[in-house]
Amino acid sequence: MAQIDEDNRAVGRVGALLKLALMAVILIGGYVVAARTPLGAYLTREGIGEAIELLRGNPWAPLIFIATYATATALAVPGTILTLAGGVLFGFYWGTLFNFLAANIGANAAFALSRTLGGDGVRRLMGDDSVALQKLDRVVGRHGFRGLLTLRLIPLVPFNALNFGSGLVALKWRNYAVATLIGILPGTAVYTFFAHSLLQGSLEASRDALLGVLLAGVLLILLSFLPAILKRLGVKLPGMSAVVVPLVGLSLAGSPAGAVQETTAPQLPDHSVLTQVLAEIVEGPLVNYSRLAADAAELSRYITALASTDPMALAAGGEKDRLAFWINAYNACMLKRVIEHYPIRRAGGLLRLRNAAAGRPENSVWQIDDVFTGAHCRVAGADRSQDEIEHDILRPMGDPRIHFAINCAALSCPPLIPQAYLGSTLDRQLDERVIVFLRDPAHFEVSVADGAPNVRVNRVLDWFKEDFGGHEGILAFLSEYLDGADGNAVADPAAGLVFFDYDWTLNDAPH
């Protein structure tokens, strides 16, 4: 009988250790995802800015954000940057709510994972008769709720360590859940407010915004001292003296207030630099690439500013500012692409055969290998291709007028203008580009065939018809900018839509 009991204990010990090993594998898997896969790149400073760009305006953004945050927390992936992202993406009020919900869901999932897979294994390793384990159980049983609440109220104590550590001791789930619910709310609110205020201050540089940054920094310091403040007020929480003393020194050495003092407000690029470049090289619908290639210092300076733009600051900007930024980035990077290969010559090898089969001119940008797909231009902390800027960033922003503003260095492409686009004037600038387009017979023409109007437009509208709502959407869009005979023709239900052949010849000014 004794032998059977011993065998059962051995089997139980092996099972518990296997579950502990499984938990370790899961946590290591979370680390690998965060550090070694493309998915984890979105948890970096640059990647979170890209993620914010993708989520902004998406009706499912709150659910996607909460699910991502909760999953990351359940896998012990550090979530501080996600908390800051919540403040940037949703503002203070909604950001605090979504961060609070996600952190609680993830914390309880981590507790359940630790309790289910790890708790028994730790006890087997320490031994059921361990004196230290018995003392720990007594302390947790007596002070578990208030002790955990103390640690939750100090945001410098590692959040994930508390989640998983609590599951390994004899702490009731109800006490854990309530202490977590109450304890993380102040830190969540302050960190969300800090992120929102800091980015608003860096972008607006207004007195109110900068006061918000200062207030957020003060709140973060006070939060670090919260247990000490409670003690001075006579509110006693177990374990405060053991925890607060070392953490106060840590908070003074690297407190967020210091970060506020040392932070240089990240600014969006000065688009007037690009205006200077364009004013020198834009000649009607053509571009003087020869002049630009001979002196590209200002263009290089502007692209350097694009590269160093903080993606989180960009994501926190106004919608028009972001749209203007990416239109300018596309046009500036296209100029860079051309002059790096100027004068453009016919390509060799397979690329030459592909271009010949497609009927592309000898001085077309298509003679440049991977001209639109190659990540050649660093913008907002990441190397970008022309296609990425256009298809992954600009088009999802939902304004079809971009197709009248971005220039792909071809004669048939809507031309550049001699100034950069600005958020403050963007609507007027884009409307002007549509009107100029409709006045140019190279891009728009109305004729009559068999008694019905025939509307001929640039083929670029056919390529991106989805952005207008299909062919009928193109006509409806154009009708908003037309009146008189042309307006009547475009609005006619019998109107036919025809597209000009596209001329990929480089839009180079004669020199």
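Gly-487, Ala-489 and Val-490 are buried in helix 22 (residues 484-491); buried means under 20% relative accessible area, exposed over 50%, with a 1.4 Å probe and protein chains only. These residues span an arc of only 160 degrees around the axis, so they lie on the same side of helix 22. The other side of helix 22 carries the exposed residues Ala-485, Asn-488 and Ala-491. Cover for the buried residues includes strand 5 (444-449), strand 6 (452-457) and helix 21 (470-479). Contact here means heavy atoms within 4.5 Å. Helices (H or I, at least four residues) and strands (E, at least two) are DSSP runs, numbered from the N terminus.

This is a predicted model, where local features need pLDDT of at least 70, side-chain atom pairs count only at pLDDT 80 or more, and totals for chains, interfaces and linings use all residues. Residues are numbered from 1 along each chain as its sequence is written, and side-chain values use heavy atoms, leaving out hydrogens and water.

Helix 16 and helix 18 pack with their axes 9 Å apart, at an angle of about 165 degrees. That makes the two roughly antiparallel (angles over 145 degrees). Their residues in contact are listed here.

| Helix | Contact residues |
|---|---|
| Helix 16 (residues 319-339) | Leu-323, Trp-326, Ile-327, Ala-329, Tyr-330, Cys-333, Met-334 |
| Helix 18 (residues 386-394) | Gln-386, Ile-389, Glu-390, Ile-393, Leu-394 |

Thr-96 sits in helix 4 (residues 80-126). Its relative accessibility is 10%, so Thr-96 counts as buried. Leaving aside residues up to four places away in sequence, Thr-96 touches Gly-91, Thr-188, Ala-189 and Thr-192.

Methods
Axes are lines fitted to C-alpha atoms, for helices over the stretch in contact, and angles run from 0 to 180 degrees between N-to-C directions. Angles under 35 degrees count as roughly parallel, over 145 as roughly antiparallel, 65 to 115 as roughly perpendicular and the rest as oblique. The arc is that of the directions from the helix axis to the C-beta atoms.
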